Amino acid sequence: MSGNGTRQPEFAAWETHAEQAKFTNPARGETVRGLGCSEAVSFGNTGFTYVSGQVELNGPVLQRMSAELGTEQVRAVIEHEVGHVVGLDHVNDPSHVMNPSETPGVVSFGAGDLTGLSLLGQGKCRPDP
Ligand SMILES: [Zn+2]
């Protein structure tokens, strides 16, 4: 909360199924561990620029994951969601953090993940309009 009583947006939020209905994916019959998204806006005809983003983490599920698989596996979930915030999409390779299904033991970005991050990092920063 800020001094004037309004809630400031948070980059990361720990939530439960009761707080975030999207943590349940009935179509795939699975529980979602986290969500990451960003908002892009267009400044004329110069393409889109990411202006904000947020990660929502399924606290109870990640707490269980931490106990069963270790904190490194939870960190990989967070890296996956932050990857979405900065513009990475899913990949099919299960040895990469950006694969949509966590693979036990895959706890850091793979070569393809890093290549994607490098390409995204080459984009131009835009000054405030
Ligand atoms: Zn994802």
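Reader: Before we start, what should I know about numbering and confidence cut-offs?
Author: Residues are numbered from 1 along each chain as its sequence is written, and side-chain values use heavy atoms, with hydrogens and water left out. The model is predicted, so to speak: local features need pLDDT of at least 70, side-chain atom pairs count only at pLDDT 80 or more, and totals for chains, interfaces and linings use all residues.

Reader: What share of the residues in the protein chain is buried?
Author: Buried means under 20% relative accessible area, exposed over 50%, and partly exposed in between (1.4 Å probe, protein chains only). The chain has 129 residues, and the buried share of them is 28%.

Reader: Which protein atoms hold the zinc ion as donors?
Author: Donors are N, O and S atoms within 2.8 Å of the metal (3.2 Å for Na, K and Ca); water is not among the atoms, so sites may look incomplete. Along the chain, the donors here follow the spacing H-x3-H-x5-H. They lie 2.0 Å from the zinc ion, and they are H80 (NE2), H84 (NE2) and H90 (NE2).

Reader: Is H90 buried or exposed, or partly exposed?
Author: Take H84 for contrast: its relative accessible area is 16%, so H84 is buried. H90 has a relative accessible area of 39%, which means it is partly exposed.

Reader: How is α1 oriented against α2?
Author: Two packed helices are described by the angle between their axes and the distance between the axes. Axes are lines fitted to C-alpha atoms, for helices over the stretch in contact, and angles run from 0 to 180 degrees between N-to-C directions. Helix α1 (residues 59-69) and helix α2 (residues 71-86) have axes 7 Å apart, at an angle of about 140°. Angles under 35 degrees count as roughly parallel, over 145 as roughly antiparallel, 65 to 115 as roughly perpendicular and the rest as oblique, so α1 is oblique to α2.

Reader: Which residues make that contact of α1 with α2?
Author: Contact means heavy atoms within 4.5 Å. From α1 come L62, M65, S66 and L69, and from α2 come T71, Q73, V74 and V77.

Reader: Where does F23 lie, and which residues does F23 touch?
Author: F23 sits in the loop between β1 (12-15) and β2 (24-25). Its relative accessible area is 0%, so F23 is buried. Across 11 residues of sequence, the C-alpha atoms of F23 and G34 are 7.1 Å apart. Not counting residues up to four places away in sequence, F23 touches E15, T16, H17, E30, T31, V32, G34, L35, E56, L57 and N58.

Reader: And T49, which residues is T49 in contact with?
Author: T49 belongs to strand β5 (residues 48-58), and its 15% relative accessibility makes T49 buried. Leaving aside neighbours within four places in sequence, T49 is in contact with E39, A40, V41, F43 and R126.

Reader: How far apart in space are G87 and Y50?
Author: G87 is in the loop between α2 and α3 (111-121). At 27% relative accessibility, G87 counts as partly exposed. G87 touches Y50 and L120, not counting residues up to four places away in sequence. G87 and Y50 are 37 residues apart in sequence, and their C-alpha to C-alpha separation is 8.4 Å.

Technical notes:
Helix = DSSP H or I, 4+ residues; strand = E, 2+ residues; numbered from the N terminus.
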